[in-house]
Amino acid sequence: MSEGVADARWFQSHDDLTDARVQLFCLPAAGMGASAYRNWQAALGPAFEVIAVQLPGRENRIGERPLPTVELFVEQVTGPLLERADRPFALFGHSLGALLSFEVAHELVRRGRPPAELFVSGLEAAHHRAPAPAEVHELPDPELLEYVLRLGGISSQERRHVEVLSLFLPTIRADFAAAAAYRYRSRPPLPVPITALAGREDPLVDPRRLAAWAELSRARVQTHLLPGEHFYLDTQRQAVLDIIRSALGSPDAAPAGASRAM
């Protein structure tokens, strides 16, 4: 499939993996860009085409205004995603990216093109998640930056360049505001399997609310807790990728020994 303008803006992938069996669209956490998944393609192998979603306001789209609501993101990305999807595909999202993936999945079902699997990481079930602290996106820049640093996901090397990190605060602030404004809308459960993942020590995820994803799908639902905090993906990448392979039926799937199904 030839890539259009929408693909160039919204998606980043390494190679034209025409033999890949499944496409995996990956959505990043608040303030982060497509580069959060830069190493996944090599690690997952040619059975999968990893397609990282690039949201406005970051990396090569830094000059664009971040989207103010979850609903507007769904409205803008669903069409380009359907153009890009030319074989069975799945969605993976972490934190805010998981919330976006969940809402996109509902829109894809409405349009008759459901994903093969929905992976939601670092997020409590959308209908039971604790309300996002509305004051976070209103914090002064120094306090907002400190909040982001406490969540982790930023290397010690990156922490040395606080002035560079500060450039991303408008995008981070906008993303937190969108999460705070989100309100779950009751709908029939998705006809899509869900795999929910989180770090055992994540201060933002109650394991009971993570398990409640089972109420939002009428298909198979699995829940995994892995060692780590909110950005456990950085240290548990291999375990996460093993879970993805297993859920999507990859022939080279390995047992996810570091995970624990709830």
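Visitor: What makes strand 6 (residues 194-199) count as mostly covered?

Guide: Six of its six residues are buried. Buried means under 20% relative accessible area, exposed over 50%, and partly exposed in between (1.4 Å probe, protein chains only). Strands are DSSP runs of E with at least two residues, helices are runs of H or I with at least four, and both are numbered from the N terminus. This is a predicted model: local features need pLDDT of at least 70, side-chain atom pairs count only at pLDDT 80 or more, and totals for chains, interfaces and linings use all residues. Residues are numbered from 1 along each chain as its sequence is written, and side-chain values use heavy atoms, without hydrogens and water.

Visitor: Which residues of strand 6 lie on each covered face?

Guide: I194, A196 and A198 are on one side, and T195, L197 and G199 are on the other. In a regular strand the side chains alternate between the two faces of the sheet.

Visitor: How do you know that strand 5 and strand 6 pair?

Guide: Pairing takes at least two bridges found by DSSP. Strands 5 and 6 have four, in the parallel sense. F119 has T195 as its bridge partner in strand 6. Strand 6 also pairs with strand 7, again in the parallel sense, over six bridges. There G199 stands opposite L226.

Visitor: Why does strand 1 (residues 11-12) count as paired with strand 3?

Guide: They share two bridges, in the antiparallel sense. Q12 stands opposite A52. Strand 2 (residues 22-27) and strand 3 are parallel and have five bridges, with F48 as the partner of V22. In strand 3 (residues 48-53), six of six residues are buried.

Visitor: Why are F92 and F119 called a tilted pair?

Guide: The whole structure holds nine aromatic pairs. Rings of Phe, Tyr and Trp (its six-membered ring) pair if their centres lie within 6.5 Å; planes under 30 degrees apart are stacked, over 60 edge-to-face, the rest tilted. F92 and F119 are 6.1 Å apart, centre to centre, with 35° between the planes. By the cut-offs, they are therefore a tilted pair. F92 is in strand 4 (residues 89-94) and F119 in strand 5 (residues 118-121), 27 residues apart. F92 and F119 are both buried. Both also belong to one aromatic cluster with Y37 and W40.

Visitor: What makes F102 and W213 an edge-to-face pair?

Guide: Their centres are 5.4 Å apart and their planes 70° apart. F102 lies in helix 4 (residues 96-110) and W213 in the loop between helix 9 (207-211) and strand 7 (221-226), so the pair ties together parts 111 residues apart in sequence. F102 counts as buried because its relative accessibility is 0%. W213 also has 0%, so it counts as buried.

Visitor: How do you know that the charged end of R61 sits over the ring of W10?

Guide: NZ of Lys or CZ of Arg must be within 6 Å of the ring centre and within 35 degrees of the ring normal. The charged end of R61 is 4.4 Å from the centre of the W10 ring.

Visitor: What residue classes make up the lining of the largest cavity?

Guide: Eight are nonpolar, one is polar and two are charged. Ala, Val, Leu, Ile, Met, Phe, Trp, Tyr, Cys and Pro count as nonpolar; Asp, Glu, Lys and Arg as charged; the others, Gly among them, as polar. The lining includes R58, T69, F73 and D175.

Note on methods: On a 1 Å grid over the protein atoms alone, a cavity is a set of points where a 1.4 Å probe fits but cannot get out, and a pocket is an open set with protein on both sides within 12 Å along at least five of seven lines; lining residues have an atom within 4 Å of a point.
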